[in-house]
Amino acid sequence: MSRLVVLPWKKSVEISYKSIRARFFRSLVTTITLVLAVSFLAFSQITIDIADQILATGDSGHCQTLIQCGYDIRPGDTSLAASPKQRWIVVLSLLVCVVGIINAQLMSVTERFREIGTMKCLGALDSFIVRIFVMEAAMQGFAGSLTGALLGGITAFLATLIRFGSDIFTFLPWQAILSSTSLSVVTGLGLSLLGVLYPAIMAARMQPVEAMRVEQ
Amino acid sequence: MKKNIVRVTDVTKDFDLGKIVVKVLKGINLEIETGKYISIMGPSGSGKSTLFNMIGGLDKPTAGKVFIDEVDIAQLDAYELAWLRCRKIGYIFQTFNLIPVMTALENVTLPMIFAGTPGEAATERGMGLLKKVGLTGRHGHKPSELSGGQQQRVAVARALANSPAIILADEPTGNLDLTTGAEIIDLLKEMSEERGVTVISATHDFKMLNVSDQVIWIRDGQVEKIQERDELEINTGGMSS
């Protein structure tokens with residue numbers, strides 16, 4: 001008989017999902033951090049995608065509006081890039097988001113010390129604990145990033161609609177928008193996983209004897 | 001023939017607190033026979049919990065050896081220790097420690113899942129165990145929907161999940177009232193007799209003495225005395241009635 005303990009994937013997904021549901025508001029707060037950061041990322045990317053397309057039409061009226069919106073367009077430019085300042089703001093917002101996630105996940109680990117210790121007494125390996133936390137982060141990350149990307153995309157669309165009128169329907173760069181949306185979702189998911197890494201390892205290293213402690 | 005499930009030889013345990021080293025266990029020798037109901041008694045600070053954690057494979061001694069089923073636990077790697085905790089030992093805690101997000105049944109089947117029991121077999125066995133501890137019909141309840149005594153019953157069922165050789169109970173009645181505590185003690189005794197499982201409990205509870213086959217008294221990091229059942233009845237007969 002093999003002396004190995006196991007945790008099937010289906011079961012770990014189930015445990016993670018239940019943990020999120022049981023601490024719904026806590027999870028929601030973590031997720032909202034991600035929604036905000038990712039929607040900002042998606043908004044900046046998609047706005048540039050649309051503006052690029054507008055520039056490509058060569059319509060002088062629209063180009064004038066772009067300049068009024070603050071884009072530096074020199075004659076002969078074919079694409080617009082985010083200014084370094086804009087990029088920095090996006091990067092900073094993502095950084096703040098990761099720090100927020102680490103903070104929330106550390107709280108969640110502390111709150112579940114006894115639960116983790118008990119699981120270890122029942123035979124859970126370190127890797128099971130890491131897996132449960134990573135799964136939770138992946139679920140939150142996916143849901144939060146998707147919501148954020150959609151929110152950012154819709155905002156970008158509405159903002160350009162107000163500035164350029166219904167003309168934009170004729171030249172919406174669907175492919176670029178789709179790739180920016182997916183990129184934002186992937187980035188958000190990555191951030192969520194990055195944020196849970198340290199808390200999950202900390203949880204896994206916990207000694208099972210902690211479960212025995214009465215005071216807490 | 002007598003068979004020892006736990007053997008502790010010359011175990012010492014020091015805790016290094018930086019400036020001072022606290023010697024908690026000062027050379028403990030013990031042999032615990034299979035199928036017995038053992039109580040470890042002693043005042044707080046006596047090293048009772050430390051000894052208890054050693055027997056449970058939760059802590060390693062500074063010197064000396066702890067054998068569980070003739071296996072030296074210091075020689076085991078992380079995987080083997082996890083397997084030992086999963087299959088050989090069932091833990092019962094003072095604070096029940098059920099997983100709050102899981103139902104009673106899921107709590108009972110969790111160790112079976114770790115042990116690789118297929119879902120349906122685990123459910124069936126889990127339902128059987130819940131029935132055994134007197135919780136028929138409560139399998140879908142979360143720990144928060146159960147009373148303290150009922151939670152501890154779920155914990156007893158969970159401890160029995162993989163038919164362990166040893167049940168380790170750390171002050172199992174510490175958070176329960178007198179009657180409920182007595183019920184849990186009876187349940188543990190019943191399980192011990194019926195399944196031949198060795199029950200080792202650390203306790204302050206004198207009710208526990210009446211059902212114990214052996215009581216190990218710990219004082220100041222050493223075994224003060226070991227009393228067998230027949231000696232006990234003389235001493236505690238007056239108290240129990």
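Tutor: Let's start with a definition: helices are DSSP runs of H or I with at least four residues, strands are DSSP runs of E with at least two, and both are numbered from the N terminus. This is a predicted model in which local features need pLDDT of at least 70 and side-chain atom pairs count only at pLDDT 80 or more, while totals for chains, interfaces and linings use all residues. Residues are numbered from 1 along each chain as its sequence is written, and chains are lettered from A and ligands numbered from 1 in the order in which they are written.

Student: Thanks! What is the radius of gyration of chain B?

Tutor: Chain B has seven helices and ten strands. For its 241 residues the globule rule (2.2 Å times the number of residues to the power 0.38) gives 18 Å, and the value for chain B is close to that, so chain B is as compact as a globular protein of that length. Taken over C-alpha atoms, the radius of gyration of chain B is 18 Å.

Student: What share of the residues of chain B counts as buried?

Tutor: A residue is buried if 20 or more other C-beta atoms, placed from the backbone, lie within 10 Å of its own, exposed if 12 or fewer do, and partly exposed in between. Of the 241 residues of chain B, the share that counts as buried is 47%.

Student: Which helix gives the most to the side of chain B that touches chain A?

Tutor: Two residues are in contact if their C-beta atoms, placed from the backbone, lie within 7 Å. The contact takes 26 residues from chain B and 22 from chain A. On the chain B side, α2 (78-87) and α3 (104-114) each supply at least two residues. With seven residues, the helix that gives the most is α2(B).

Student: Which residues of α5(B) are buried?

Tutor: Helix α5 (residues 148-159) of chain B should span 16 Å at 1.5 Å a residue, and its end C-alpha atoms are 16 Å apart, which agrees; the expected span is 1.5 Å times one less than the number of residues. Nine of its twelve residues are buried, so α5(B) is largely enclosed by the rest of the structure. Its cover includes β6 (89-92), α3, α4 (119-132), β7 (166-170) and α6 (178-195) of chain B. The buried ones are B:Gln151, B:Gln152, B:Arg153, B:Val154, B:Ala155, B:Val156, B:Ala157, B:Arg158 and B:Ala159.

Student: In β7(B), what is the bridge partner of B:Tyr91?

Tutor: Strands pair if DSSP finds at least two bridges between them, and four bridges join β6(B) to β7(B), which run parallel. B:Ile89 and B:Tyr91 point one way from β6(B), B:Gly90 and B:Ile92 point the other way, and all are buried. In β7(B), B:Tyr91 has as its bridge partner B:Leu168.

Student: In β4(B), what is the bridge partner of B:Val8?

Tutor: An open sheet of four strands in chain B has the order β2-β1-β4-β5, with antiparallel pairing. At the edges stand β2 (21-33) and β5 (71-72), each with a single partner strand, so one side of each lacks a neighbour in the sheet. Inside this order, β1 (residues 4-16) and β4 (residues 63-68) of chain B pair over five bridges. In β4(B), the partner of B:Val8 is B:Val66.

Student: Which residue in the hairpin of β9(B) and β10(B) takes a positive phi?

Tutor: Strands β9 (residues 214-219) and β10 (residues 222-228) of chain B pair in the antiparallel sense over six bridges, with B:Gln214 opposite B:Glu228. Two residues lie between the strands, and the one whose phi is positive, near 55°, is B:Asp220.

Student: Is B:Phe96 buried or exposed?

Tutor: B:Phe96 lies in the loop between β6 and α3 of chain B. Its phi is near 65°, a positive value in a residue other than glycine. With 22 C-beta neighbours inside 10 Å, B:Phe96 counts as buried.
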